[in-house]
Amino acid sequence: MRSQEIAKYADGRQETVGLTEPIIIEIEGRETIEAAMVLGDMVLIGQTVLETLDLLVDCKNQRLVSNPENPERPVLRV
């Protein structure tokens with residue numbers, strides 16, 4: 001672990017958790033570098049990572065899809 005941070009859950013609980021060094025996250029051929037909170041043995045990808053990768057959630061088909069406006073590669077909003 002690189003350090004520790006306080007995680008705040010949707011139900012209002014707070015917990016001190018480990019924070020990793022930056023890691024490479026690659027999904028659907030797109031990648032970004034982020035630090036990750038260590039909360040257990042399940043991997044959860046958050047909304048900010050999906051936004052950075054310019055991926056959208058298709059709930060009906062339970063999959064991730066490229067943003068139709070940028071199908072070839074992510075476009076970062078500044």
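Does Asp-58 count as buried or exposed, and at what relative accessibility? The legends below take up that residue first. The model is predicted.

View 1. Asp-58 counts as buried, because its relative accessibility is 16% and the cut-off for buried is under 20%. The residue is found in strand β6, which covers residues 55-58. Asp-58 touches Arg-63 and Val-65, when residues up to four places away in sequence are not counted.

View 2. Strand β1 covers residues 3-8, and strand β2 covers residues 14-19. The two run antiparallel and are joined by six bridges. Ser-3 has Leu-19 in β2 as its bridge partner. Five residues lie between the strands of this hairpin. Gly-12 takes a positive phi there, near 95°.

**View 3. The open sheet of three strands.** The strand order is β1-β2-β5, with antiparallel pairing. β1 and β5 (37-38) stand at the edges, and each has a single partner strand, so one side of each is left without a neighbour in the sheet. Two bridges join β2 to β5. At this pairing, Leu-19 has Met-37 in β5 as its bridge partner. Leu-19 is also the partner of Ser-3.

**View 4. The largest pocket.** This pocket holds about 540 Å³ of space. Its lining has 18 residues, and the closest to the centre are Ala-36, Met-37, Val-43, Leu-44 and Ile-45. Met-37 is also the bridge partner of Leu-19. At least two lining residues come from each of β3 (23-27), β5 and α1 (47-53). By type, the lining divides into 12 nonpolar residues, four polar and two charged.

**View 5. The largest nonpolar core.** Six residues make up this core: Ile-25, Ile-27, Val-49, Leu-50, Leu-53 and Leu-55. The largest share, three residues, comes from α1. β3 and α1 also each supply at least two residues of the lining of the largest pocket.

**View 6. Leu-50 and its contacts.** Leu-50 is one of the residues of the largest nonpolar core. Which residues is Leu-50 in contact with, leaving aside its neighbours within four places in sequence? They are Ile-45, Leu-55, Val-57 and Leu-64. Ile-45 is among the residues closest to the centre of the largest pocket.

Note on methods. Residues are numbered from 1 along each chain as its sequence is written. This is a predicted model: local features need pLDDT of at least 70, side-chain atom pairs count only at pLDDT 80 or more; totals for chains, interfaces and linings use all residues. Side-chain values use heavy atoms; hydrogens and water are left out. Two strands pair if DSSP finds at least two bridges between them. Helices (H or I, at least four residues) and strands (E, at least two) are DSSP runs, numbered from the N terminus. On a 1 Å grid over the protein atoms alone, a cavity is a set of points where a 1.4 Å probe fits but cannot get out, and a pocket is an open set with protein on both sides within 12 Å along at least five of seven lines; lining residues have an atom within 4 Å of a point. Grid points are joined across faces, edges and corners, and a volume is the space filled by probe spheres set on the points. Ala, Val, Leu, Ile, Met, Phe, Trp, Tyr, Cys and Pro count as nonpolar, Asp, Glu, Lys and Arg as charged, and the others, Gly among them, as polar. Buried means under 20% relative accessible area, exposed over 50%, partly exposed in between (1.4 Å probe, protein chains only). Contact means heavy atoms within 4.5 Å. A nonpolar core is a set of buried Ala, Val, Leu, Ile, Met, Phe, Trp, Tyr and Cys residues joined through side-chain atoms within 4.5 Å.
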